[in-house]
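Please read the following numbered points beside the sequence and the structure.

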Amino acid sequence: MIKDLLSRWPVIKQIESGSWRGTGEEAMTDRTKSLKPKHHGAEVAKSVCPYCGVGCGQLVFHKNGKLVSIEGDPDSPISRGHLCPKGADSFELHTHSGRLKTVKYRRPFSRHWEDIPLEQAMDMVADRLWDSRERSFTEQQDGQWLMQNKTVAHLGGATLDNEENYLIKKLFTGGLGMVCISNQARI
Amino acid sequence: MPGLGTSFGRGGATTAQSDLANADAILIMGSSMAENHPVGFQWVMEAREKNGATIIHVDPRFTRTSAMADIWLPLRAGTDILFLGGLINYVLTNDKMFREYVLPYTNLSTVICEGFRDTEDLDGVFSGWDDIKKRYDHSTWQYQNVETLGYDEGHYGGGGHGKEGTGTSHPNGCERDETLQHPRCVYQILKKHFARYTPEMVEQGSGIPKEQFLKVAEAFTSASGPDKTAAICYSVGWTQHSKGVQIIRSAAILQLLLGNIGRPGGGILALRGHASIQGSTDIPTLYDILPGYLHMPFFKSGHNNFNDYILRHKSRKGLWFNYDTYFINLMKAWYGENARADNDWCFDLIPKLTGDHSHFGYWLDMREGKMDGLFVLGQNPAVGASNGRLERTALSKLKWLVVRDMVETETASFWYNSPEIERGELKTEDIATEVFLFPAAGTAEKAGTFTNTQRLLQFRELAIHPPGDARSDSWFMYHLGRRLKKKVEGKVGKRYEPLQKLQWNYKTEGPLKEPSISQVLKEISGWDLTSGKQVSGYKELKGDGTTASGCWIYSGVFPAENLNKALIRSPKNYLGHGWGFSWPNDVRIIYNRCSARPDGRPWSERKKLVWWDEEKQEWTGIDTPDFDKKKRPDYQPPEDATGTNGLAGDKPFILNADGVGWVFAPTGLMDGPLPTHYEPLESPLHNPLYRSHDTNPPEDKKIRPDNEYAPIGDGRFPYVLSTYRLTEHHTAGGMSRTLPHLAELQPELFCELSPELAADLELVHGEWACIYTPRSVIEARVMVTPRMRPLWVQGRTVHQVGLPYHWGYNGLVKGDVTNDLLPISEEPNVRIMETKALVCDIVPGRRATGPEALKQWKAHKEEAA
Amino acid sequence: MTTTAFLTDSTLCIGCKACEVACKEWNELGDDGHTWTGLSYDNTGAVGHSTWRHVKFVEAAPLLGFGGNAPDLASWTFSSDVCKHCEVAGCLEACPTGAIVRTEFGGVFVQPDVCNGCAYCVVSCPFGVVQKNSHDGRAFKCTFCYDRQKEGLQPACAKACPTESIKFGDIEELKLAAQVRVEELQSRGMQDAQLYDPIETSVKGLHAMFITRGDPKQYNLPPNPEVPTVYLESAWKSSALAAGVLVLGGLFAFLGSARR
């Protein structure tokens, strides 16, 4: 045990290494010597930055179902591994403390939010959507098929996936006859 | 989009970002690319390092982009068409046209019909202007000898996103004058239209000193010809104007004249702002189009059927000859076996449009209490949309509101902490709106594709599951749809049929029961119903109901059972082939037939991209040819040929019915076949060109008591105001003001103004100022900087004030909502609001809080000029 | 092990601050508070214990060559400041606990498991880089992403930088590249382009060099940075001399009184 203690003593290490300065490896702790990048051994998912339209490639490092870090993808012919400050902050975007994790519900005239279970929220939304549609659906105009609902609207899409936008348009327009559909684009 | 769509055929950027490195000159305008697309900007820098390219930035402010440019020109906000028109005039006056390109590849030689009158003839409007209905009849804009179906009444309520297929239904019959002498050929009309856009006029109207303008004009237009190309990059600095589409048209005309479209280092790079805003127009969550830029049908009494709809939009020549095929494939994807020829492919089941159902269209109905419910998915209009006060007040009239986001946005919390609550205009206990706020998954927590600014689909793999009850929007839509389908089980009635017949059988995966994203993407890409196999691309789609595809322009992204091209990651060349899937057909630089001469040889070794291989009898090259691979360059179509067979071998713009780039746009736009300078809706100055029309005639101002405008030259609001973005934040701030590392980079809202204006108004750097417009008042920190400059315009000094718009009342860093200052307005084609040029007043001091703020604002409005 | 270095070419910097954020993300640093400084677009202020890359914004008189096209227009330049990882490092020389070490890559690394927060390093840095975190009690600065370098990865800031203004690699190669680049810039009319790598002072050169335009002082790069321990030799000599004088003086005093 004394031998072990002595061998770890920097002075001894300095003498042994011949480096009298004590500012190199002889002064390094085990932690320093065994330092590894935090994504060592992590799995990688290929992804794309959620911010602007450049579409920088991102590598999402994760271990055991948790995010470890998000960096640029050096293989991308568009971004070549680089990211802007927003893209570089994608990890924080996913993990910051202000992120919502439960469904919040506000009753009419209420002054506060309540948390409600997800499935219940889905049932309530489906009911309201259906009621509104039933109340105001116009089948015909001038005796011809109009099949239109104008009292329920949708807004959003530029940050959504193509598959999501596809399902939105398919269900809302193709299934329910909603025509008030818009997003951040127009041009 | 219609700016690019009408000019070239497709509404999307024409090139890839990495191709900018091949440019010999780059004009960045209507964009601060280094700030808002920083990683894309590396290619601009590379163009300089590699080619010695001249980088030109034209902007009301000296931004981080201007700092990297070789030349910066200060511009009065809203005078972009004056500047671009000045460049067009320069090209025409100094014979800088790339003639060998322009004559075969554009409609410069086409003769327009006799009834056409230009704005120069009619003091600011084209022929066909109806001053009572406030819109144009396009019949006098058509080609000589070409019939047109004209526009429906209903269309005037509609949007311009879809590509018009009609209007040039018999292009072979159109008259051309290759000598360009005919008084009504496009060339002569163009010359006359832009005759007064001289360097002197540019200086007078926009404030750009004449010598500097000429320096830029020479630098940009010299980078043209067989050996040189120049590119233009733009973003919302061009689109968010009352004549935004026309600004882009000006750039399109310029690039056609200089022969830069479809060539390496050339083109127009539309820099889109969101991760998948291109995707959200391709597979649109927009009211007036269907996937692949098909039109949503407008209700037209007596013509409300499939055949009339197809007749309206199909063209005889060019790719839109297959309009019906693409539509049928969409219906098959939506309704499966239920869509058949004998029921017109379920045409009757989809809703018909009857007016303006866009954001502002229905929002005003919402304000009047006519709407029941609203879904807001990943958008934050309480901060991000014009006239914040009107936007948020409208929300309080809804019966129910569903918001899905990663954080509690200002839209979700309007009922307890918005400025209207603070000012006492709204009371929480009086607001009946039921609000649901669903937590949303982040991009690492869901698989799916984004389509970026260069039309590239990139698939994201799932990394981890979202936390708690957070879910993706596909999960939400799928399970919502499942519940709704249950509600219509067994019900009888036409109104239930769309939902009953809708194909909604997605497999679910994983512990959260997410719908299979691969399955959705395969549906979008298309398959053969008889064999069950995926199709390889849109050319395999048939109009007989045996194939289906949710979006024909994306067809080919998933061409085989286990081949997802959006996920492949093996780039082979600088254009990025082998990485993702670029629509159409993995073409990276569209219209690339233009990169070869009419005879098929490259214009030069330096600028070769795609060329005709005489030996193999096919088109080949560095890019996938955006052309029929086997069509000979000298092919001449028989008289009755249809589709792309109806286009000759030297007609590169295959979506246009005449196969050429449109310098003059006979159809497709609501506000003119050519761009014209008009002042912004609010301006300190009158239109220097036309006395009778200060602003874009068909523009819809939506004037109402809560959406007032300042008349031109209003003394209460003497300064020009422009709003913009910063690198450090993203749109309405939900994804940046909530994050500590980004919030600290730009913690407070500030305004930028010149030292001269600061001295005039005793505004002190670092202190506070109130900015007033006819809509509201906000406060911001004062940043006095020489990067803002007073301009000398029409004999007087014009000061400009700049405001970034990212702040709101939630998040780690808060601030007033800049968009509260803006009015709701609708550009005539796509209904976008004007954010880039309006008027304001600015006064030192802090804004009052509570009800006092309203009084402060009203008092300012009422004071005499 | 090759000695690695940074070459920060501020003529390529677009002032985006990706380097600041990428570094904070990788190293899990906190924010510096949310205060608007009004110093152009710079709200983080300086390099410190929780900001290891800091972009300086300089609005100045126009620089000819590129940027601005008329004499009375402003110009705006940006440069990303970082620990210089000096060849002779003041912090390393001053550290009494052996917390600060020179890695095999030539970088200067503060071992957080050894540092006792004495802050000797803070006053010894000629660039004002290393700073003590008063909540935590220890001193922190750029680690040169030692953990990443150990696996052959580049530092987070260099990887993120959109325009490759931050270059990372072998120090000799970068020194050569810097020379070539400065010549190139000067040939383009930027006579004021220069390399900042003070090899003549006691710092003896940096492992994080800078190419800047105009006076490097604007970017927090002082003209003659010296390592305070360089004065040690003369300080010891002076002390020895003083001690000697005192001893002699004392001796004289005693001898004098003894004689009397």
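1. Over all chains, the count comes to 84 salt bridges, where a salt bridge is a side-chain nitrogen of Lys or Arg within 4 Å of a carboxyl oxygen of Asp or Glu. The model is a predicted one, in which local features need pLDDT of at least 70 and side-chain atom pairs count only at pLDDT 80 or more, while totals for chains, interfaces and linings use all residues. Residues are numbered from 1 along each chain as its sequence is written, chains are lettered from A and ligands numbered from 1 in the order in which they are written, and side-chain values use heavy atoms, with hydrogens and water left out.

2. Lys38(A) and Glu28(C) form a salt bridge in which the closest N and O atoms are 3.1 Å apart. This pair crosses between chains: Lys38(A) is in the loop between α3 (30-33) and β1 (43-48) of chain A, and Glu28(C) is in the loop between α1 (18-27) and β2 of chain C. Helices (H or I, at least four residues) and strands (E, at least two) are DSSP runs, numbered from the N terminus. Is Glu28(C) buried or exposed? Glu28(C) counts as exposed because its relative accessibility is 60%; buried means under 20% relative accessible area, exposed over 50%, and partly exposed in between (1.4 Å probe, protein chains only).

3. A salt bridge also joins the side chains of Glu71(A) and Lys159(C), at 2.8 Å from N to O. Glu71(A) belongs to strand β3 (residues 66-72) of chain A and Lys159(C) to helix α5 (residues 156-160) of chain C, so this pair joins two chains. Glu71(A) counts as buried because its relative accessibility is 9%, and Lys159(C) is buried with a relative accessible area of 10%.

4. Glu139(A) counts as partly exposed, at 25% relative accessibility, whereas Arg495(B) is buried, with a relative accessible area of 17%. A network of salt bridges that share partners joins Glu35(B), Arg61(B), Arg64(B), Glu728(B), Glu752(B), Arg787(B), Lys17(C) and Glu59(C).

5. How many residues of chain A are in contact with chain B? In chain A, 115 residues are in contact with 164 residues of chain B, contact meaning heavy atoms within 4.5 Å. The area buried between the two chains is about 12700 Å², and carbon and sulfur atoms give 62% of it. Buried area is the accessible area (1.4 Å probe) that two parts lose on being put together, summed over both. Across this interface the rule finds 13 salt bridges.

6. A pair of strands spans chains A and B. Strand β4 (residues 103-106) of chain A and strand β12 (residues 434-439) of chain B run antiparallel and are joined by three bridges; two strands pair if DSSP finds at least two bridges between them. Within this pairing, Arg106(A) stands opposite Val435(B) in β12(B).

7. Chain C has seven helices and ten strands. Its C-alpha atoms fill a box of roughly 85 × 45 × 40 Å, taken along the principal axes. Of the 260 residues in chain C, 55% are buried. Among contacts in chain C with a separation of 6 or more, 63% are between residues 24 or more positions apart.

8. Strand β3 (residues 75-82) of chain C is mostly covered, with eight of its eight residues buried. Both of its faces are covered: Ser75(C), Thr77(C), Ser79(C) and Asp81(C) are buried on one side, and Trp76(C), Phe78(C), Ser80(C) and Val82(C) on the other. Strand β2 (residues 53-60) of chain C runs antiparallel to β3(C), and eight bridges join them. Trp76(C) in β3(C) is the bridge partner of Glu59(C).

9. Ser549(B) is in the loop between β18 (547-548) and β19 (581-582) of chain B and is buried, with a relative accessible area of 1%. Gly550(B) lies in the loop between β18 and β19 of chain B and is buried at 0%. Leaving aside neighbours within four places in sequence, the contacts of Gly550(B) include Tyr166(A), Pro291(B) and Leu330(B).
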